[in-house]
Amino acid sequence: MTDTVGSVNLEADSDRTIVTASDVVREYRMSGVPVRALRGVSLSVAEREFIAVMGPSGSGKSTLLHLLGGVDVATSGRVVFLGQDFGRMSVEARARLRLRKVGLVFQRFHLLPMLTALENVELPIAALGVRRAERRDRAASLLARVGLDDRLGHRPGELSGGQRQRVAIARALANEPAVLLADEPTGELDRATSHGVLELFQRLNSEGTTIVVATHDPELAAGASRHVEVVDGRIGS
Ligand SMILES: Nc1ncnc2c1ncn2[C@@H]1O[C@H](COP(=O)(O)OP(=O)(O)OP(=O)(O)O)[C@@H](O)[C@H]1O
Ligand SMILES: [Mg+2]
């Protein structure tokens with residue numbers, strides 16, 4: 001099923017499931033006291049979808065994105081990514097799958113401050129053993145794609161917030177992931193720059209990239225083809 005008018009020709013493709021969360025609970029312990037960030041969430045992401053996860057601050061959006069991307073594991077319930085159950089994998093196997101298939105843009109970027117924009121984007125490509133010349137080319141063309149071809153040699157501290165965000169997006173795309181998970185990608189950006197990120201996501205999505213964004217930004221959400229509301233650790237309607 002698809003709720004996007006005019007996507008009939010894509011239906012065969014969009015049947016492929018990238019990741020499914022089933023009745024997922026994530027409990028943190030704070031000084032022995034359990035905090036339930038997610039209280040039984042089920043969500044399936046099909047190939048080529050563009051999903052906006054919305055909801056109040058503290059409702060569990062980042063937690064959900066981290067579980068979908070395998071940077072964190074559920075306390076109970078299952079997250080199956082391209083047929084593999086994250087909960088049954090070793091930490092190393094999960095990291096390997098993530099490196100190849102998950103593009104994650106963290107809420108706070110996590111760029112390495114001592115590396116240039118180009119080197120930050122090269123890093124995950126290097127982790128797959130790609131040679132220097134090839135990975136430089138790939139990183140440079142990704143940065144060009146997000147409009148930063150004139151900032152390759154800048155370190156994060158020498159870039160604006162919006163430019164840092166775009167480096168983080170380029171890095172997340174470095175190994176052609178099956179899904180781009182972006183946590184508040186326009187959270188710290190002005191309107192014009194946010195609009196640029198939305199356009200970039202729509203272009204990537206039309207080229208076939210599956211996208212899940214957690215966002216408070218109504219314009220970004222309006223660009224998505226499906227909306228999921230997380231309220232107090234549960235998916236609302
Ligand atoms: N590492 C952690 N340890 C303990 N509690 C945590 C941790 N991370 C998140 N939480 C708690 O889990 C709940 C969900 O947090 P989460 O970051 O997923 O919310 P969010 O919807 O992304 O919020 P925001 O919109 O502010 O980014 C919050 O109550 C938060 O305090
Ligand atoms: Mg968050």
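The following exercises, with worked solutions, concern a predicted model.

Local features require pLDDT of at least 70 and side-chain atom pairs pLDDT 80 or more, while totals for chains, interfaces and linings use all residues. Residues are numbered from 1 along each chain as its sequence is written, and chains are lettered from A and ligands numbered from 1 in the order in which they are written.

**Exercise 1.** Determine which element gives the most residues to the shell around ligand 1.

*Solution.* Count a residue as near if its C-beta atom, placed from the backbone, lies within 6 Å of the molecule. Among the 13 residues around ligand 1, Tyr28, Ala37, Ser57, Ser62 and Thr63 come nearest. Two or more residues each are given by strand 1 (17–30), strand 2 (33–46) and helix 2 (61–68); helices (H or I, at least four residues) and strands (E, at least two) are DSSP runs, numbered from the N terminus. Helix 2 gives the most, with three residues.

**Exercise 2.** Identify the edge strands of the open six-stranded sheet.

*Solution.* Strands pair if DSSP finds at least two bridges between them. The order is 6-7-8-3-9-10, with mixed pairing. Strand 6 (102–105) and strand 10 (234–235) each have a single partner strand, so they stand at the edges. Within the sheet, strand 3 (residues 50–54) and strand 9 (residues 226–231) run parallel and are joined by four bridges; Ala52 stands opposite His227 of strand 9.

**Exercise 3.** Classify the angle between helix 4 and helix 5.

*Solution.* Axes are lines fitted to C-alpha atoms over the stretch in contact (C-beta atoms, placed from the backbone, within 7 Å), and angles run from 0 to 180 degrees between N-to-C directions. The axes of helix 4 (residues 117–126) and helix 5 (residues 132–145) come within 9 Å and cross at roughly 125°. Angles under 35 degrees count as roughly parallel, over 145 as roughly antiparallel, 65 to 115 as roughly perpendicular and the rest as oblique. Helix 4 and helix 5 are therefore oblique to each other.
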